[in-house]
Amino acid sequence: MKWFKYIIVLILLFLLPNTVNAACSSSDKARLKKIISNINVSYDYQMVQDNAIFSIKFSNLNPELYFKDPFGNAYRTYDLNNNEIVLDNYADGKSYVFTFYGVGTCAGENVGSLYVTTPTYNLFYKLSVCENAKEFELCQKWVSHSLSRDEFVKKVNEYKDKNGIMDNTEVNKKISVVDLAISFVKMYGLYILIGIIAIIIIVKFIRYKKDTFGF
């Protein structure tokens, strides 16, 4: 009879997982997936020593679900205020996966995921080389690149040269030269005019003497 008991136990072991999984039907999973699709995800950031640190906000959460962050921490949703939760200390320029699991008949079942990608902070966008090229992609606050500082400056200057964009210093130099010329004329214009008239009179007088005396 012992062998008969062993057979019964083995049969139960094979049947038990199927019975548990059958409790979470495909329609239940589909309904939970739809709930996940209606969850709103947003993020905010703060600057900490030239690093953008993000907080990720989940709203419209449902007590029929709980989820785990990329680090394995679980978050229950049935006791949240306003069905919202904010998770802090996420780096910029990274992709994070948040996995959702069922509660009740679908307890422990992986029923879907949400993916969050944080923007990449551009440390060089504040450099003076970008002052006249803010429309250039590399001069945007949020852009991903692997350039060193020198490479970044070179790329921006190449863009400015290609599009005929002058630095403020070059513009100011040209303006300064014009202003200086105008100021000089204003200050000494009368004297210059008198000098020109005097030269003209002298030239005419010399020519008159030549014509009159033949030398």
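I count two strands as paired if DSSP finds at least two bridges between them. For elements I take DSSP runs, numbered from the N terminus: helices are H or I with at least four residues, strands are E with at least two.

**Ground rules.** This is a predicted model, so I keep local features to pLDDT of at least 70 and side-chain atom pairs to pLDDT 80 or more, while totals for chains, interfaces and linings use all residues. Residues are numbered from 1 along each chain as its sequence is written, and side-chain values use heavy atoms, with hydrogens and water left out.

**Overview.** I find four helices and seven strands, in the sequence pattern α-α-β-β-β-β-β-β-β-α-α. Of the 215 residues, 25% are buried (under 20% relative accessible area, 1.4 Å probe, protein chains only; exposed is over 50%, partly exposed in between).

**Open sheet.** I looked up the strand order and got β1-β2-β5, three strands with antiparallel pairing. β1 (40–48) and β5 (85–91) are the edges, each pairing on one side only. Twist averages 25° from one strand to the next (axes are lines fitted to C-alpha atoms, for helices over the stretch in contact; angles run from 0 to 180 degrees between N-to-C directions). β2 (residues 51–59) is joined to β5 by five bridges, and Ile 53 has Ala 91 of β5 as its bridge partner.

**Around β3.** β3 and β4 make a hairpin with five residues between them, and Gly 72 in the turn has a positive phi of about 90°.

**Cores.** A nonpolar core here is a set of buried Ala, Val, Leu, Ile, Met, Phe, Trp, Tyr and Cys residues joined through side-chain atoms within 4.5 Å. The largest has 26 residues, and those with the most contacts inside it include Phe 58, Leu 61 and Phe 67. β2 gives the most, four residues. Another core of 11 residues lies apart from it, with Val 129 and Phe 152 among them.

**Leu 61.** Which residues is Leu 61 in contact with, leaving aside neighbours within four places in sequence? I get Ile 39, Phe 67, Thr 77, Leu 80, Asn 83, Glu 84, Ile 85 and Phe 100 (contact means heavy atoms within 4.5 Å).
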